[in-house]
Amino acid sequence: MNREKVIFAFFIVLALTLNFGFVLGDLDNAAHHDVFELFAALVVSLICTVLKFGDRTHLGALMLATSLVADLQLIIAAGFWGYGEQIAAAGMTPRIMASVVSFAAGAAVANLISVILLVVETALIRR
Amino acid sequence: MNNLVFLFMRRLRAPLITLITVYAITVFGMTLIPGRDADGNVWYMDFFHAFYFVSFMGTTIGFGEVPYEFTDAQRMWVTLSIYATVISWLYGIGQTLAVLQEPMFGRLMRLRGFTSHVRNLREPFYLVCGYGVTGSIVVKRLIDRGVRVVVVDIEQDRIDALELDNLVIPVPSLCADASLPDILDHAGLQHKQCIGVLALTNNDNVNLSIAIASKLLAPRRQVITRTNSEVTTANMASFGTDMIVDPFRAYADYMALAARSPHKLLAYDWLMNPHHRTLSSAYKHAPGRWIICGYGRFGRALATAFSAEEMEMTIIDPSPGNLAPLKNGVVGVGTEAHTLLEAGVESAVGIIAGTDNDADNLSVIMTARELNPKLTTVVRQNLHQNALIFRNSRCDFVMEPGRIIANRILAQLKTPLLPLFLEQLQQQDDVWAHTLINRMSSVVGDRELDSWSVQVTPETAPAVSTMMAQRPVALRYLNKDPRQRDRMLPCFPLLLKTAEGVHLLPGELHQLQAGDELLFCGLGVAKRQMEWSVNNYNVLHYLLTGEDPPDTLLARLLRRSDQESA
């Protein structure tokens, strides 16, 4: 067992599960979406990106790309959340909430691709 | 390029993850700890404010407590956070600096700079592997002629020496193992402008692998190598290496020439060496028996060359086994008087100290000279660092392998016609060589005798080619001074190569034909002047006719109407 591989897979799967958990629920209902879960998803996603740095294979490059997409989507989602809570005059409206969740849902797709690539890579190794 | 970024990212993984984790924990902690607002109500910091606060706390340790004054619990958490964030920042910055200072990083940076420098070369260049004595001489003289060079050497010291040599044209150089095809590729082996590969390392195997790699990757590229053993020479010749220089054999041939025909030797020497021997040195040699000290690679090459000339010789070597097949060998080192006397030093005309030990060689010469002051002395210098002693040893010939190889290679690189001429020279007699050397001497005196070739083709001699279409051009016009046609340039033609054959010292009335190749020798100034007459139509027209008319379109029209009316 390769410890590095365990940590790597752990973070990648965790990024997907946290992200999925956040997205689950009604699209525009703020009560269904936990801000802490978004925060955790963003942090884990950033760590995933760093873990994927420096891999020179083609698959490695793809994984880094999906991770960067997930980061981008989650940061935009977090930005919308901050805007709704702090800046918008009307506060957190269902419309803003829907944007936050849809951006996070996009990130979930990117994370899903990441996990699929991880599975593909594992399947390719015949040992 | 990619290697660098990947190395950087790999090394910064740990500090980046630490930084993200510490930030996440502190931000998360800030949102969990209850605070009090201005009115004393319980208040939880949201992520936005927490991230804002941690960001400036981590980098500047604070603009104060925002948006409300902190409670004691919050302050305790902030205290911990300050240490955690500051330490993780220091760790991250320290790691970055450490990566920048790593030798591997520096090596990759240098390789990258070298590769891009070579890739961007837009002029023809030679790839020189090995910057020892030979390499440095070759590089210096190529640079003096304005030819670009790329250098690879395995020792950093020599690359440093190259940087300190103050060459006028920048020379991309890399410290790496030239026997690796990758390195050769980075050094421009497959570059379109690479016109030749010079394998000059002191290791036969490395030279061999460079020659093979070059011949496989770019079959038509010129490859010149040095070698120390006959096995390697044969091996290299087998796959078409263009020129193989064996310094011992080269010098043995040179010595045989010296002993047999001193004037031919002078002609050879003047054409090959930048600092040539004086004319008077030709009269010293008398025919007779030679003593050779040391029967190693050099001694064997000498014996072969001497016996081909049917010259008498006595060989001294410390090992009886080496001397077994010889009838006139003397066992001993040659540094003691009794060995030399046994070898008959008093009746010999010359002695060659050719062992691989410099101190022994000098000792042999000094002892021999005491016994017989009239000896012609030849000494082999093995280490370049001993140059000062050898220069002052008052020997007639100092044999320094590095310099011999360099001169041979430069003669080849100057123009391929020069080796052809030297080959032809061997077949002439000494009287012919004597006339030649007198002619050379009257042209250049004590200055360096340069040689160059002129090819009569539209690309290399446009003016001559155009002129030939209108009127015949005799060889002597090229010899005239383009500034004043009744004066001659300090040079003369050595050889003419036509489709039919090769002529030595062609007559000045020879009518130039397309495809003729000429070899000239003379002062370097003459070479530059001759470039005018070869390339500039107006200059050549002046040389042929003595007229220097304007050659504009208008002038030509006027002239034509003049001729028509007349």
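Modeller: In this predicted model, two residues are in contact if their C-beta atoms, placed from the backbone, lie within 7 Å.

Biologist: What do the buried residues of α13(B) pack against?

Modeller: By that cut-off, the partners in chain B are α11 (247-260), β9 (290-293), β10 (313-317), β12 (350-353) and β13 (376-380).

Biologist: Which residues of α13(B) are called buried?

Modeller: A residue is buried if 20 or more other C-beta atoms lie within 10 Å of its own. Phe298(B), Gly299(B), Ala301(B), Leu302(B), Ala305(B) and Phe306(B) are buried in α13(B).

Biologist: What puts them on the same side of α13(B)?

Modeller: Around the axis they cover an arc of only 160°, so they lie on the same side of α13(B). The face turned away from that buried side carries Ser307(B) and Ala308(B), which are exposed.

Biologist: How do you know that the span of helix α13 of chain B agrees with its number of residues?

Modeller: The helix has 12 residues (297-308), and at 1.5 Å a residue they should span 16 Å. The end C-alpha atoms are 17 Å apart, which agrees. Just after α13(B), Glu310(B) takes a positive phi of about 55°.

Biologist: Which part of chain A gives the most to the side that touches chain B?

Modeller: The contact takes 13 residues from chain A and 12 residues from chain B. On the chain A side, α2 (35-52) and α3 (58-87) each supply at least two residues. α2(A) gives the most, with seven residues.

Biologist: How many residues on that side of chain A count as nonpolar?

Modeller: Eight are nonpolar, with three polar and two charged.

Methods: Residues numbered from 1 in each chain as written. Chains lettered and ligands numbered in written order. Predicted model: local features only at pLDDT ≥ 70, side-chain atom pairs only at ≥ 80, totals over all residues. Helix = DSSP H or I, 4+ residues; strand = E, 2+ residues; numbered from the N terminus. Expected span 1.5 Å × (residues − 1). Buried ≥ 20, exposed ≤ 12 C-beta atoms within 10 Å, placed from the backbone. Arc of directions from axis to C-beta. Nonpolar A, V, L, I, M, F, W, Y, C, P; charged D, E, K, R; others polar.
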